[in-house]
Amino acid sequence: MKLKSLLGGLLVLVSAQSAHAIERMYGVIGAGYSDLEYRQAQDEAFSYKLVLGHQFHRQWYVEGGYYQLADVDAQADGSDFGLQSDALYLGVLGKASHPVGELFYRLGVANVSVQSAELSGSGNCEVGAAVATAGTQTICAYDESVAAGIIGLGFDYYVATKTFIRLEAEYLRGKDGFDTSFISLGVRYNFN
């Protein structure tokens with residue numbers, strides 16, 4: 001009987017915690033511009049992100065989300081090998097409230113996937129696999145995963161009780177010269 005009471009109490013506690021957590025959750029949909037560089041590849045592209053966040057303290061949030069940083073197709077004439085990049089991220093935000101919104105800064109980490117190709121003059125691919133030759137050079141295609149750090153600054157402007165307009169700038173930097181600046185405009189909606 002004690003075990004059933006203990007399990008029942010634990011179930012009530014977990015249910016209450018879940019309801020409390022939902023009260024402080026929000027979602028963000030944003031779109032903007034990114035400037036991405038990795039190895040020999042570099043491109044500027046339309047980008048977007050989807051984020052789910054939770055306020056765990058009056059001045060702190062935790063967020064997790066998905067970024068699409070680049071989706072540029074290869075050119076048939078071989079002048080551009082194309083570049084695809086997306087990322088999953090986890091970060092914390094510190095905020096400062098203002099009567100018209102919230103100023104915030106972000107620190108986080110991301111796992112970034114980058115697919116592209118590069119030319120190798122030696123005939124051997126340092127990264128990826130050889131897919132074709134162009135004269136004396138070899139075209140090496142790769143699909144790499146990169147760990148990156150994120151810093152950012154933004155502002156959530158109140159437009160309704162549960163709705164904000166979010167403007168933010170972020171910088172991602174990782175191994176092997178991965179470097180991205182991302183500026184976006186989006187909508188934040190509080191679920192509570």
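Which strand holds tryptophan 60? Tryptophan 60 is found in strand S3. The model discussed here is predicted.

**The chain as a whole**

The chain contains 1 helix and 9 strands. Starting at the N terminus, the order of elements is α-β-β-β-β-β-β-β-β-β. The chain has 192 residues, and 38% of them count as buried. Its accessible surface is about 10800 Å². Carbon and sulfur atoms account for 61% of that surface. Among contacts with a separation of 6 or more, 57% join residues 24 or more positions apart.

In soluble globular proteins, nonpolar side chains tend to be buried together. Strands S3 (60-72), S4 (83-98), S5 (101-120) and S7 (137-158) each give two or more residues to the patch. S5 gives the most, with 4 residues.

| Residue | Strand | Relative accessible area |
|---|---|---|
| Tryptophan 60 | S3 | 33% |
| Valine 92 | S4 | 33% |

Why does tryptophan 60 count as partly exposed? Partly exposed covers the range between buried, under 20%, and exposed, over 50%. Tryptophan 60 has a relative accessibility of 33%, so tryptophan 60 falls in that range. Valine 92 also has 33%, and therefore valine 92 is partly exposed.

How far apart are tryptophan 60 and valine 92 in sequence and in space? They are 32 residues apart in sequence. In space, the C-alpha to C-alpha distance is 7.1 Å. Leaving out residues up to four places away in sequence, tryptophan 60 touches His54, Gln55, Leu93, Gly94 and Tyr105.

**The nonpolar core**

The largest nonpolar core of the chain has 27 residues. Those with the most contacts inside this core are Tyr38, Tyr67, Leu69, Ala110, Val112, Val114 and Phe178. At least two core residues come from each of strand S1 (25-38), strand S2 (41-57), S3, S4, S5 and S7. S3 gives the most to this core, with 5 residues.

Which residues does tyrosine 38 contact, apart from neighbours within four places in sequence? They are Val114, Tyr142, Glu144, Val146, Lys175, Asp176, Gly177 and Phe178. Val114 and Phe178 are also listed with Tyr38 among the core residues with the most contacts.

Note on methods
Residues are numbered from 1 along each chain as its sequence is written. This is a predicted model: local features need pLDDT of at least 70, side-chain atom pairs count only at pLDDT 80 or more; totals for chains, interfaces and linings use all residues. Side-chain values use heavy atoms; hydrogens and water are left out. Buried means under 20% relative accessible area, exposed over 50%, partly exposed in between (1.4 Å probe, protein chains only). Contact means heavy atoms within 4.5 Å. Accessible areas come from the Shrake-Rupley method with a 1.4 Å probe; for residues, only the protein chains shown count as cover. A nonpolar core is a set of buried Ala, Val, Leu, Ile, Met, Phe, Trp, Tyr and Cys residues joined through side-chain atoms within 4.5 Å.
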